[in-house]
Structure formats: C-alpha cells, structure tokens
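Please look over the sequence and the structure first.

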Amino acid sequence: MRESKAEFEKLFQTASNLQKLLQAGDVLYSSIGPSTFFFSHAGIVGSDGRIFHAHPSGGITESLTVYLSRHRYGGTITLLRPKIDPSGAADWAERSISLMKGYRFSRTLADPAWNYCTKFVWQAFWSGASTDLTSARKQLPKRWIFPHHIKHSSLFEPIAKFSLEYRL
C-alpha cells in the first residue's frame, strides 16, 4: 500500500507542476510507449484546464491528473505552446469533443465523428484558429495528420518536458 501511495504522490506532484504552466490551447504531446500502444498521443488544453483528446471510446475530457495517469513510467509529456492565439482552437475542442463517436484512423479532415488524437488537435486549430499546423502547401480534404506534424510544427514552442516517474 505504501508503494502505491508513493506512486500516486509522484503523479499528483507531476500534475501540480505541469498545471501551473498550462494555458488554454496548449498541446500535451506524449512519447511513444506501451501506454499509448506504441504511438505517441496528443491532447489540447481547454479554457477550464481540462484535457480534450481522442480515445478508443470516443472524445473524452479529463482532468490533468487523470490524463497523466494514462501514461506510464519512463515516458515523457511535452508541453507545446502555440505561437498564435489559440483561444479559438481551445473553444472548438470544447464544443466539438462530444461529436466524436470513436477512435478511427479516418483521413477525412472535416469529419469530427471518426477521429484520432493528432487529427483532433489539427482540427481544433484549423477550425477554431484558421491555422494549418502541418504547413501543407496544398489543402486537401483527405490526408493523414501524423504525430510529427504536431510535435515538429513551427507554430509551437516547446515550453517544458516532464519525465513520468510514477508506476501505477
């Protein structure tokens, strides 16, 4: 029991440190690992500090602590801060999260019903802030939004990187 309590304290400490830095429209980008099925993951921070993201059960909204608990020991979470005003993107994410029916790799960019994490973040910025995070030369109605489009977008500034030190 002590070990479990100590691990939860590490989780809460990480969440507390990260929460102090969060702003609406920030993006949390997690490293590749078993807790993300060996893909990276991304979510967008809403105006209330909650995290909006795609999940196999559909679009979900979670507190930072619950969001972090989904990611495991040895991974990292990078806080990406938009260089543009992200308030419209955060608002779009809050309004549109309930439209997501499930987690599916759909290339149709205008469809919020069948979604995956990086496409949802891209949609928030495209629909809410008129910004293409991929810097694509040609806009296509169907294409993939890969994790590197988010992580390496010139429109984000990495603010902090947190190592996940808890074992839950």
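The model is predicted: local features need pLDDT of at least 70, side-chain atom pairs count only at pLDDT 80 or more, and totals for chains, interfaces and linings use all residues. Residues are numbered from 1 along each chain as its sequence is written, and side-chain values use heavy atoms, with hydrogens and water left out.

**Fold and burial**

- The chain holds five helices and eight strands; these are DSSP runs numbered from the N terminus, with helices being H or I of at least four residues and strands E of at least two.
- Read from the N terminus, the order of elements is α-β-β-β-β-α-β-α-β-β-α-α-β.
- The chain has 168 residues, and 49% of them count as buried (under 20% relative accessible area; exposed is over 50% and partly exposed in between, with a 1.4 Å probe and protein chains only).
- Among contacts (heavy atoms within 4.5 Å) with a separation of 6 or more, 64% join residues 24 or more positions apart.
- Accessible surface totals about 8,700 Å², and carbon and sulfur atoms contribute 54% of that (Shrake-Rupley method, 1.4 Å probe; for residues, only the protein chains shown count as cover).

- Six aromatic pairs are counted in the model; rings of Phe, Tyr and Trp (its six-membered ring) pair if their centres lie within 6.5 Å, and planes under 30 degrees apart count as stacked, over 60 as edge-to-face and the rest as tilted.
- Trp-122 and Trp-126 are a stacked pair, 5.3 Å centre to centre with 10° between the planes.
- Both residues belong to helix 4 (residues 117-129), where they sit four residues apart, about one turn of the helix.
- Trp-122 is buried at 2% relative accessible area, whereas Trp-126 is partly exposed at 35%.
- Phe-125 and Phe-156 have ring centres 5.5 Å apart and planes at 90°, so this pair is edge-to-face.
- Because Phe-125 lies in helix 4 and Phe-156 in strand 8 (residues 156-163), their pair ties together parts 31 residues apart in sequence.
- Phe-125 and Phe-156 are both buried.

**Other aromatic groups and the surface**

- Tyr-103, Phe-105, Tyr-116 and Trp-144 are linked into a cluster by ring pairs.
- Trp-144 is found in the loop between helix 4 and helix 5 (147-151), and Trp-144 is partly exposed at 35% relative accessibility.
- Phe-105, Trp-144 and Phe-146 make a nonpolar surface patch of about 300 Å²; patches consist of residues with over 30% relative accessible area and no salt bridge, with like charges joined within 9 Å and nonpolar side chains (Val, Leu, Ile, Met, Phe, Trp, Tyr) within 5 Å.
- A salt bridge is a side-chain nitrogen of Lys or Arg within 4 Å of a carboxyl oxygen of Asp or Glu.
- Arg-104 lies over the face of Trp-114, 3.7 Å from the ring centre (NZ of Lys or CZ of Arg within 6 Å of the ring centre and within 35 degrees of the ring normal).
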